[in-house]
Amino acid sequence: MDETGFNNWKKVHSKVSEHEKSISHLNAVRDWVVRFDKLGKGTLDHTLKIQVESELQYWRSVFNRVVAVIKCLSSRGLSFRAENKLFGSNHNGNFLGALELIAKFDPFLAKYIETHGNKGRGHVSYLSLAIYDEFILIMSNEVIKRIVDELKLSKHYSIIVDSTLDVSKIDQLTLIVRYILPNGTLIERFL
């Protein structure tokens with residue numbers, strides 16, 4: 001069999017997916033599972049599996065706390081930032097302040113903030129402005145997707161668009177959609 005390798009990286013996802021569904025790959029995975037079950041807990045694979053699961057659990061714990069604060073603040077329309085971005089400051093904003101409050105009652109988060117809190121640029125902490133901006137974007141895209149799905153199910157809807165200047169003389173556009181769900185519930189969403 002002549003194998004030349006793989007060099008079309010634009011199609012890597014489809015090729016990997018195709019390989020994962022192939023008979024040879026499925027047989028290899030089955031053989032690996034059988035060997036793994038026979039060899040037991042003393043293998044390197046088992047040790048690595050436990051280490052990976054432990055890391056996943058750790059980062060899920062961090063993300064669950066961070067995302068809970070982001071959901072709470074954004075659902076209430078509260079600001080995130082303030083004068084500075086330092087833990088321990090009275091002027092660090094609602095996001096860091098909420099994390100500090102939770103940390104008073106959550107030893108895991110307290111230790112995490114102590115270890116990763118004020119490291120500065122170049123250190124991954126998942127507590128920075130960039131990360132919560134990214135989480136807000138992901139969450140807002142999901143909310144918009146669900147609103148569009150509901151709109152597609154409704155027979156009747158209206159769109160309200162309004163514009164006004166803010167204090168800095170920049171035009172602010174408001175978009176509101178009103179629609180009726182198939183069960184008769186009237187919904188109004190501010191976008």
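Which pattern does the protein chain follow when read along the sequence? In this predicted model, the pattern is α-α-α-α-α-α-β-β-β. Taken along the principal axes, the box filled by the C-alpha atoms is roughly 70 × 50 × 40 Å.

A helix pair comes next. Helix α4 spans residues 93–105 and helix α5 spans residues 107–116. Their axes come within 6 Å and cross at roughly 125°. Angles over 145 degrees would count as roughly antiparallel and those from 65 to 115 as roughly perpendicular; α4 and α5 are therefore oblique to each other. The crossing of these two helices is left-handed. On the α4 side, the contact is made by Leu99, Glu100, Ile102, Ala103 and Phe105, while α5 brings Pro107, Leu109, Ala110 and Ile113. Sorted by class, eight of these residues are nonpolar, none is polar and one is charged.

The strands can now be put together. Strands of a sheet pair through backbone hydrogen bonds, either parallel or antiparallel. Here the three strands form an open sheet in the order β1-β2-β3, with antiparallel pairing. Strands β1 (157–165) and β3 stand at the edges with a single partner strand each, so one side of each is left without a neighbour in the sheet. On average, and with direction ignored, neighbouring strands of this sheet are turned by 15° against each other.

Each pairing can be followed down to residues. Between β1 and β2 there are nine bridges, in the antiparallel sense. Valine 161 has leucine 175, in β2, as its bridge partner. Helix α6 (residues 129–153) packs on the sheet and touches β1, β2 and β3. The direction of α6 makes about 45° with that of β2.

On the other pairing, strand β2 (residues 171–180) and strand β3 (residues 186–190) are joined over five bridges, also in the antiparallel sense.

Terms used. Residues are numbered from 1 along each chain as its sequence is written. This is a predicted model: local features need pLDDT of at least 70, side-chain atom pairs count only at pLDDT 80 or more; totals for chains, interfaces and linings use all residues. Side-chain values use heavy atoms; hydrogens and water are left out. Axes are lines fitted to C-alpha atoms, for helices over the stretch in contact, and angles run from 0 to 180 degrees between N-to-C directions. Helices (H or I, at least four residues) and strands (E, at least two) are DSSP runs, numbered from the N terminus. Angles under 35 degrees count as roughly parallel, over 145 as roughly antiparallel, 65 to 115 as roughly perpendicular and the rest as oblique. A crossing is left-handed if the near helix is turned anticlockwise from the far one by less than a right angle, and right-handed if clockwise. Contact means heavy atoms within 4.5 Å. Ala, Val, Leu, Ile, Met, Phe, Trp, Tyr, Cys and Pro count as nonpolar, Asp, Glu, Lys and Arg as charged, and the others, Gly among them, as polar. Two strands pair if DSSP finds at least two bridges between them.
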